[in-house]
Amino acid sequence: MVNVNELEFGIETFGDIVANEDGSLKTAAESIRQIIHEGEIADQFGIDVIGVGEHHRPDYSVSSPETVLAAIAAVTKNIKLATAVTVLSSDDPVRVYERFATLDGLSNGRAQVMLGRGSFTESFPLFGYDLTDYDDLFNEKLDLYNELRKEKPVTWSGKFRPALKNQEVYPKTENGELETYIGIGGSPESIIRTARYGYKVILAIIGGQADRFKPYIDLYHAAAKDLNMPEYPVAVHSHGFIADDEDKAIEVAFKNIKANFDRIGLTRGWAPMSREQFDNETQVGSFYVGNPETVAQRIARTVDLLDLGRFDLVYGAGNQTVAQRERMIELYATKVIPRVKEILQAKEAAK
Amino acid sequence: MTIKRVGILGAGKVGIVLAGLALDAGYTVRISGSGDVKKIALTIKMLVPGAIATENTDVIANSDIIILAIPLSRYQNIPAALLKGKLVIDAMNYWWETDGIREEVLAPDTTSSEQVQAYFNTSTLVKTFNHMGYHNLQEEAHAAGDPKRKALFVTGDEHTAVNEVAQFVDTLGFDQVVHYQLADGIMTEPGSPLFGASLSYTDLKDVIDHFDQTEFGKKIATAKKI
């Protein structure tokens, strides 16, 4: 049963390049500064978490999310600061720990690690890793990260990194450990792995109906029980766009989300998104698009159906203007989130 | 041959979705992953209850049709002799994110399914289920005649085998656009306008019939001439 009082809401950005009103594009630097401002707004409106992605591509501005989060930390008070996600496979777990422990210190314990294998692969050649080691890299690095997270001397050896012998890592955190999620795209193996490490699960639902993830969430809970590990409410992240006017929201979202998906599809060989596909995603799928009421109804349905503890809306896909992005954050915080809670409370009362 | 027992090699996203569809259609389903059965037992129990989680050898020995749903770069991990005399569906594609560099996985001059067939040279290969996204496969299976029904491309060199697979695809909830040439599998591989698309019979047939007019078709045609 969804605990409405403890339900968390986040926003996430992949650092898409922001557009000017005339349709021209801002620079990556301007786009980064815009994210800092949006973090500030989100905090003022009481949004629980902001997540910033890590990409190494021309269409995204952020390759070092912790640096961006550190700047957001300086202008905010309560909002949690997450990566969405940190591509652990091509990173050094020691550096990952150090960066997050630093962020955690300067933000009064608001850092949140989200580890993933990443849905992009640009970081592999960039940092000298072989894609064919995709699974092994993540497994090994997660194993080391898990040791480091205990904040005790670490003795460890593996294939992809020099061994550690009784090494300490610094700084230590005030809470004694970094809050850690694993971002999962729907691989059952990843679900079981997350349960085995006792980490929290955030599911990336970026296409199709949320309904099909129900058995995956059951699998997470069953695996945690089998392995005698702690169980946490599951989080979900999905794309969306909110505007005051329903038709306008759909129009902006279609243009931008389609452009975003098609551009990625181009390098991966998948077909461009059709209007039928898009409409299906916004009506019953995993795009949360429309006016605040529409989006609230759809988020409430997903939260209830999947018994979630947290919902993160990915915003800013494609090239949206400052006005579109900021208005979306405001509507999400001031209209959608309270309305989702209201719908869920009414549902609970009726049960 | 009557197909009653379906064997799936590969317990990833595609393998699990196909297992679910086959169960819904009333087949007995066996499924295997890489390595120990224990690794997939809980997953199968939770995600596709009713399917039998087992080893490759058991899947192959006790199924009327075998579906290859493993990363393309790993098909040679399965001894070709194991599949001798079997009707095999190739649901695989070259996918650079899991398979790595194409030249290391595939020879440049033929399609992926032709190479898989050449390896499993005592089996009959039919290519299908490869071009529609796994969540579309899961969500868009419909009974014959349903206006929302989508279609899959089914192709292979052996007529009888292709027809049997087409019939099987029908029972799983999809119309079929059928060709009798395994090499035509290229029409639905990554880069094709059909890869990742979920289309009705009419729309799928239209693209297939006019494939040489698509950008991808033109590129393939040019590459062949060189």
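Guide: The buried residues of α7(A) are Tyr216(A), Ile217(A), Leu219(A), Tyr220(A), Ala223(A) and Ala224(A); buried means that 20 or more other C-beta atoms, placed from the backbone, lie within 10 Å of a residue's own, exposed that there are 12 or fewer, and partly exposed lies in between. They fall within an arc of 155° seen down the helix axis, so they line one face of α7(A); the arc is that of the directions from the axis to the C-beta atoms. On the face turned away from this buried side, α7(A) carries the exposed Lys225(A) and Asp226(A).

This is a predicted model, in which local features need pLDDT of at least 70 and side-chain atom pairs count only at pLDDT 80 or more, while totals for chains, interfaces and linings use all residues. Residues are numbered from 1 along each chain as its sequence is written, and chains are lettered from A and ligands numbered from 1 in the order in which they are written.

Helices (H or I, at least four residues) and strands (E, at least two) are DSSP runs, numbered from the N terminus. Among the elements covering the buried residues of α7(A) are α6 and β9 of chain A, along with α2 of chain B.

That brings us to the chain contacts: 23 residues of chain A are in contact with 21 residues of chain B, contact being C-beta atoms, placed from the backbone, within 7 Å. α7(A) gives the most to the side of chain A that touches chain B, with six residues.

Key: Two residues are in contact if their C-beta atoms, placed from the backbone, lie within 7 Å.
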